Amino acid sequence: MSPSGRVRRAVLVAVFALLLAPLAGTAAGADQPSVKLSKSQAGTGSSITVSGDGWRQRALLMILICGQAVPSRGVPGGTNSCANADGRAVTTDSKGRFSRKLPVAEPPVPCPCVVHVATVTGAKAEADAIFQVAGHAVEPLPAETDGGRLSVLTDTRLDGSGGLLTWFGAPPARTLVFTVGNVGTSAVKNPVFQVGTAHGVFAPQWEEQQWRGTIQPGEKARLELPVELTGGAHGEYTVSLKYGGKVLAEQPWDVGRPWGVTLFWVLVCLVVPAALFRIGMAVVDRVRPRPAGGIRHRGLRLPELALRLPGLKPSTAAHAATPTSTLPWFTPDADPGAAGGRLSAPHDDSPTSPTTPTREGSP
């Protein structure tokens, strides 16, 4: 190849390298999110500007000031060592950048402190920047043990389902199932985990649970830990698993509404008023005044109805309304009209009855 051809080739390679350099830098920045602070130190009550680059597009991020943390070790204590009440949320733009003002607040644990930025939804990503809260206590970080260390090897899941009692407001319960492996140099015996449940955006409520057993270096074990919520709980919950001050996994849990409780109150609102109405009507029926004679009639009597009919005279209507009945000693054979018009009560006319003696001289 001629010297001029070699020079031309070297120029083309340099031009392509210059063109590809920004693209390579952008790809590297996308894989490694970064955080920058306007101030490295500030006191409580002031504010700083937090900016970042290389994050996922349109990602929701949470910005917190955390204590007992350094960028090399992250935040071992999780969000419990952060000033959660003074955190801020921000959404990245189409290029994965953001800028947000953050009020300076003292974390619940001593410094060294960092400004911790992490994704809220989607793929997990986080980054830290060193920050000093002026006037806040500073203590050495806890020693990092070189013994057994557990790591979650599989995705966590929640086993179990609700029953009839849960439908009526009983506490929902599940079993958190996962597999851990010992990646340390010594055995882990009877490890104590922390299981937290968080509702919506609130901080999780942690509860310690101990697993009985020993995990040797390089071995793995399948663990099952019970999880239970309060009675009547419903909505979107997040179950978190923490060991050694570090959050190992998170699992969403959508808890259904206890519709049995709603049905119960609907029935109460219908049955109680109906029962009160029946009781009130019974009381009114008992205490209202009765008609003359002490006999209480329900509805309209027949004589009154007959007297009110049009076209009937009062005497005719009364006679028509008066029921006829046959006395027990009257039969069709002994009708009073067939006995010669006798209207008196029957008496003995037998011929065998004794005759009355007559006086002498009488006609």
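Biologist: At what relative accessibility does Arg-222 count as partly exposed?

Modeller: This is a predicted model, where local features need pLDDT of at least 70 and side-chain atom pairs pLDDT 80 or more, while totals for chains, interfaces and linings use all residues. Residues are numbered from 1 along each chain as its sequence is written, and side-chain values use heavy atoms, without hydrogens and water. Buried means under 20% relative accessible area, exposed over 50%, partly exposed in between (1.4 Å probe, protein chains only). Arg-222 counts as partly exposed because its relative accessibility is 46%.

Biologist: Which residue meets Arg-222 in a salt bridge?

Modeller: A salt bridge here is a side-chain nitrogen of Lys or Arg within 4 Å of a carboxyl oxygen of Asp or Glu. At 2.7 Å, N to O, the side chain of Arg-222 meets that of Glu-224.

Biologist: How many salt bridges are there by this rule?

Modeller: Asp-285 and Arg-288 form one of them, at 3.2 Å, N to O. Asp-285 is partly exposed at 24%, and Arg-288 is partly exposed at 41%. By this rule the count is four.

Biologist: How far apart in sequence are the parts that Arg-97 and Asp-53 tie together?

Modeller: These two form a salt bridge, with their closest N and O atoms 3.7 Å apart. Arg-97 lies in the loop between β5 and β6 (98–103), and Asp-53 in strand β3 (residues 47–53), so the pair ties together parts separated by 44 residues.

Biologist: Is Cys-82 buried or exposed?

Modeller: Cys-82 sits in the loop between β4 (60–67) and β5 (88–91). Cys-82 touches Leu-64, Ile-65, Cys-66, Val-75 and Pro-108, leaving out residues up to four places away in sequence; touching means heavy atoms within 4.5 Å. Its relative accessibility is 4%, so Cys-82 counts as buried.

Biologist: What distance separates the C-alpha atoms of Cys-82 and Val-114?

Modeller: Along the chain, Cys-82 and Val-114 are 32 residues apart. Their C-alpha atoms are separated by 9.3 Å.

Biologist: Which element gives the most to the nonpolar patch?

Modeller: The surface patch includes Leu-164, Trp-167, Trp-259 and Leu-270. Leu-164 is in helix α2 and counts as exposed because its relative accessibility is 62%. Two elements give two or more residues each, α2 (164–167) and α3 (259–287). With six residues, the element that gives the most is α3.

Notes
Patches are made of residues with over 30% relative accessible area and no salt bridge: like charges are joined within 9 Å, nonpolar side chains (Val, Leu, Ile, Met, Phe, Trp, Tyr) within 5 Å. Accessible areas come from the Shrake-Rupley method with a 1.4 Å probe; for residues, only the protein chains shown count as cover. Helices (H or I, at least four residues) and strands (E, at least two) are DSSP runs, numbered from the N terminus.
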